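Me: I've got a structure open and I'd like to talk it through. Can you help me read it?
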Amino acid sequence: MTTLRDEDIAVSAAVPTQRAARLRPTLRHAIVAVFVAIAFAIPFVASSFVMFQLSEVLIYGLAILGLNLLTGFNGQFSLGHSAFYGLGAYTAAILMHNYEVNYLWTLPAAGVVCFGVGFLFGLPALRLQNLYLALATFALATAMPQILKFHALENWTGGVQGLVVDQPDPPDFLSMIDGDQWLYYVTLVVVLLMFAAAATLVRSRTGRAIMAIRDNPIAAAAMGINTSLYKTLTFGVSALYTGVAGALSALAVAFVAPDSFTIFLSISLLVGLVIGGVGSIPGCLFGGLFVLYVPNIANSLSNGLAGAIYGVILLIVIFVMPAGAAGFVRAVIARLSRWRQNPTEGGYR
Amino acid sequence: MKQLTRRTILAAAPAALTLSVPFVSARAKDYGPGVTDKEIKLGNTGPYSGPASGYSPVPKSQVAYWKMINDQGGINGRMINFISYDDAYTPPKTVEMARKLVEDDKVFFIASPLGTPCNSAIWHYMNEKKVPQLFVATGATKWDDPKGHPWTIGWQPNYQSEGRIYAAYILKEKPGGKIGVLYQNDDFGKDYLKGVKDGLGDKASMVIVEASYETTDPTVDSQVVDMKAKGCDVFVNCGIPKFAAQAIRKAAEIQWTPLHVLSSIGNSVGATLKPAGLDNAKDLVSDFYLKDASDPKWKDDAGFKEWSAFMDKYIPDGDKLDQGFVAGASLAAMAAQVLKQCGDELTRENVMKQAANLHDITVPMLLPGIKADTSATDFAPLKQVQMAKFDGQRWNLFGDLIRGAIG
């Protein structure tokens, strides 16, 4: 995990401001608008199955964004986000299965529950730094499947058998679209709102405080930032994002079971974070694409060696894009703008 | 169960249309999706990677078995295109892969997906889409549900009925015994425990210690010591090989010699008894429905020879002591039987009809006398097992075939 060293994080976080200087805001907004338009148009051309996969990509992207807020922007490590993802999924599933709550209400409910748990977990986590924090959160991830199987909770969690959830129906006035398309739109809207909120957050005063703590906690404290409050709040917000992603996944998969939320999920999210770009918000979606599709690609090349091929692809991607997809895009833009300023130099130095 | 919602119908109608149109126009014969005059496309999911990759011989040997069938000319002249995907034993991935198989690859049906949580995840989906989920590779009890889930059919004797068989044996051998049960804290472990207690009926209080372990635990030594200390004289050991072996070894170390019943999950000589020490395993009792590939008594058995030749040719680097290869080959052989029975009426409806119409069917590695039997109200193909006692070298089958009380 050398990519997660402090200086790397500092570099990748410093770049967005440079990029903002290079890509004019109007152009950036135009690019985002084009992507959003494409995202809304896809269901008209793609099959139900592809819509299901893309919903999962968005969901993983949202979960990775949660982890990114904590790790990329605040410098706290977590291997425990599978636990928050699972908690969100189970909150939604239990509300729908046992209490017949409307699926849309389960999303904020999952967010609130995960925020609370994340905030509380953030309090003891204040005393732990770097690897020690990673280890503490690792404990959370290993404990989660067992807690879900715990005998006393079986009435709610369904124990090892898990819970079956009904996939949401499209509303009556939208009867021409099917369940997968509707779910995709619900996911897309929720994810867009939450990405926009995250972008606003990191550009705000609060966001600067969060990043200042990452870059130099002592200096941040000296400037009057309440570091413990901001760190625990960031933990809570991070858990909220990942928890809402978990709730959406419960709707998409229509089933939750303890085996869905093991430590492997945490590691996948971490891989997605690094691949997408530590400290980059749009990069999270690329991380989501990687988490969903690359294991499938590896599997299609060879069943027996899927794990090894996955590893090789991972190494190649890390080698080609050491700062993640976001860093790669930034480097390309930087080179293009250099070339535009001085075309005689050619595209390379 | 509120399955037949408006969404179900809405989702099923366009799917049915898109799936059926090309076939109706292309040919007059009665074919379901994924079937042509030359080919039948089947799907499968299994744990090639992830925490349960120890089970990967099961899907691997299915792939190899269908290859053998193709080399022998296929089934009724059609080659089998068997598509097997990795789901890493994670339910969301199983859902994704099953949907890919059904909607993208357009397979005829899905054969023997592995794992209780994985099959649970696609249970409703498969039944909603009316795609057969044939011979699931798990021993949970719930798969025998022809009314609620007419598109899913089980396979192996379920864990609960095995537990009942152990209880019946204990009641006969040691009616006043004090029982300690060691089980894994998950679906199959709890199914065994329930089976044992149900089988004991009003004598369920004979179970005085219920000790569970997690797959992540380092040892089960303390559970075993505790059972001896509490005076247990019957030990039902429902551990997977690693933990079953530890328990056998520990019991010998502390010179505890209960009536020791070992569940079929952990009764592999290669994986459990050798590491535990063959001497320590003497007089253990267990149950079987497949032939133990490590047992030399089968060496002249026609079924074993067939399987062994298959292994030599198609999986030359596979460990023949791994029962996963036996299970996978048997699953594929049974699915092949269903396809043979279907003849040229290759519709999904007929697959389920034929799967529920197995009478006295046997495949090479089932124990002699064990037959698959199903009917429209009975979706549990295998129900019989035979008890066996370990003599320090190998398992010796004894007694009659026993029929589980459930399913």
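Me: How far apart do the C-alpha centres of domain 1 and domain 2 of chain B lie?
Reply: They lie 32 Å apart. Keep in mind that this is a predicted model: local features need pLDDT of at least 70, side-chain atom pairs count only at pLDDT 80 or more, and totals for chains, interfaces and linings use all residues. Residues are numbered from 1 along each chain as its sequence is written, while chains are lettered from A and ligands numbered from 1 in the order in which they are written.

Me: Which residues go in each domain of chain B?
Reply: Domain 1 is 6-157 + 303-376, and domain 2 is 159-288 + 386-403. The bounds come from an automatic or database domain assignment.

Me: How many residues of the two domains are in contact?
Reply: Ten from domain 1 of chain B and twelve from domain 2 of chain B. Contact means C-beta atoms, placed from the backbone, within 7 Å.

Me: New topic. Where is Asp295(B)?
Reply: Asp295(B) sits in the loop between strand E9 (285-288) and helix H10 (302-314) of chain B. Helices (H or I, at least four residues) and strands (E, at least two) are DSSP runs, numbered from the N terminus.

Me: Why does Asp295(B) count as partly exposed?
Reply: Because Asp295(B) has 18 C-beta neighbours inside 10 Å. Buried needs 20 or more other C-beta atoms within 10 Å, exposed 12 or fewer, and partly exposed is in between; C-beta atoms are placed from the backbone.

Me: What does Asp295(B) touch?
Reply: Arg394(B) and Trp395(B), not counting residues up to four places away in sequence.
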